Amino acid sequence: MSWNEPRFGEQEKRNLTGVIDSGQLFYHGGQMTSRLRERACSWFGSSHVAFMSSGTAAIHCAIGALGLEPGVEVITPPITDMGTVIGPLYQNLVPVFADVDPHTYNIDASTIASKITGNTGAIIVVHLAGNPARMGPILDLATSRGIPVIEDCAQAYGAAIDGKKVGTLGIAGCYSLNAFKHVSCGDGGFVITGDKVLHEKVANFADKAYDRAGTGDRLGQLAPCYRITELQSAVALAQFEKLDAIVKRRRELGDRFNKGIHGIEGIHPHHVDDGHACSYWFTMFRVDPGRFDRDELAAALAFEGVPSSAGYIKQPLYLEPVFARKSFFPGSRWPAEVLAGKSFSYQAGDCPVAEAILATSIKIAIDETRTVDDIDAWIAKVKLVAREIAG
Ligand SMILES: *Cc1c(COP(=O)(O)O)cnc(C)c1O
């Protein structure tokens, strides 16, 4: 495919026209959502998938389907999108932030282990920027403690470990179709799982517990309305046809960039483990703060035309006002604390490695519209600018 074509093209239009002509925009019983489910199952080699209105909704449905008691703890990384923890918070669960590896920026078994308590109900692993977290040891640890692992794959389409796609390794994998992800339908999300019962619960949770699948548990619990529409499914179905090419291209460019900046003094490329295939939602290297002023280097690179910016999110999630003030349900004491019978706190220093990463990293925006020549030019600029401004 040509990367000069618009992101949404003729196939998206044909699918949308098909939906309009069908007279049905509702997902249940709709042609497009049903075709999209089949397409996603075959792409992942997974047996079940449920589509919903966003990636945040996907995570909420996966965690909601576990039926954890309020006040239970959920371990998750602090360098991620707020969407990772919104669902757990609405379920009155307690996000517990584990620190991350200094070079993959992901949580791993050792950082998770120190956060497990008798009250841990789930682990949500995030494959940040499309770089797979070390799932083998994480799953060994979690299984030995009987803790389910949900994968937040919103940034990780096509990322894989030893050829197995992320999202198929834990009990459920959650994806986003928002405007910024590898593929998009404006907004949307889905949960893949190999567990039929869990799938039915997830699908039911996304649709007010109306039991569209007819399992016999209609309105048996409280559940939000996170339905996708046929219009979104029409666009998502067309986007899935481009996914392999997008992933392949991003991987080629991202791996090339990381290899190219290897060995520059004071610069640490984004680390991808052997056997791990990264799908580069972005890449982000770190600098030695003694050698470079991070902000100065990021600005100098941007001036030279490299799509660089200082850090990823401004600060770890736990330093955002909503956590620092615990204003999850403003005007009320945090119900999770009342139910857990103890208080929790979020403060600077909770995850020192994550804080250091966000203070010393430079994010490079890699996407499929870039060329090998672009990447080689960026590598040359990083070498040049690093030499010029090293302190
Ligand atoms: C994008 C994203 C989400 C949320 O997805 P939405 O579709 O925007 O709700 C969750 N987690 C991560 C890591 C993301 O990047």
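**Salt bridges, strands and a helix in a predicted model**

Lys196 is exposed, with a relative accessible area of 51%. Here exposed means over 50% relative accessible area, buried under 20% and partly exposed in between, with a 1.4 Å probe and protein chains only. This is a predicted model, in which local features need pLDDT of at least 70, side-chain atom pairs count only at pLDDT 80 or more, and totals for chains, interfaces and linings use all residues. Residues are numbered from 1 along each chain as its sequence is written, and side-chain values use heavy atoms, with hydrogens and water left out.

Lys196 forms a salt bridge with Glu200, the closest N and O atoms being 3.2 Å apart. A salt bridge is a side-chain nitrogen of Lys or Arg within 4 Å of a carboxyl oxygen of Asp or Glu. Glu200 is partly exposed at 26% relative accessibility. Because they are four residues apart in helix 7 (residues 196–205), Glu200 and Lys196 are separated by about one helical turn. Helices (H or I, at least four residues) and strands (E, at least two) are DSSP runs, numbered from the N terminus. In helix 1 (residues 10–22), Lys13 and Glu10 are three residues apart and so are also separated by about one helical turn; the closest N and O atoms of their salt bridge are 3.5 Å apart.

The structure holds 16 salt bridges. One of them joins the side chains of Asp376 and Arg256 at 2.7 Å, N to O. Asp376 lies in helix 13 and Arg256 in helix 8 (residues 230–260), so this pair ties together parts that are 120 residues apart in sequence. Asp376 is partly exposed at 31%, and Arg256 is partly exposed at 37%. Elsewhere, salt bridges that share partners join Asp101, Asp108, Arg134 and Asp273 into one network.

Helix 13 (372–389) is also among the elements that cover the buried residues of helix 9, as are strand 10 (267–268) and helix 12 (352–360). Those buried residues are Arg294, Leu297, Ala298 and Leu301 in helix 9 (residues 294–303). They lie on the same side of helix 9 because they cover an arc of only 100° around the axis, the arc being that of the directions from the helix axis to the C-beta atoms. At the start of helix 9, a side-chain oxygen of Asp293 reaches to within 3.0 Å of the backbone nitrogen of Asp295. Gly305, with a positive phi near 95°, follows helix 9.

Turning to the strands, five of the five residues of strand 9 (residues 189–193) are buried. Gly189, Val191 and Thr193 point one way from strand 9, and Phe190 and Ile192 the other way. Strand 9 pairs in the antiparallel sense with strand 1 (residues 48–52) over five bridges, and with strand 8 (residues 172–176) over four bridges. Two strands pair if DSSP finds at least two bridges between them. Ile192 is the bridge partner of Val49, and Gly173 also stands opposite Ile192.

An open sheet of three strands has the order 7-6-11, with antiparallel pairing. Its edge strands are strand 7 (164–165) and strand 11 (276–277), each pairing on one side only. Ile161 has His276 in strand 11 as its bridge partner.

Gln155 sits in the loop between strand 5 (149–152) and strand 6. Gln155 counts as buried, at 6% relative accessibility. Contacts of Gln155 beyond four places in sequence include His127, Lys181, Trp281 and Tyr312, where contact means heavy atoms within 4.5 Å.

Methods. A polar contact is a pair of N or O atoms within 3.5 Å; within protein, one must be able to donate a hydrogen and the other to accept it, and residues adjacent in sequence count only if both atoms are side-chain atoms.
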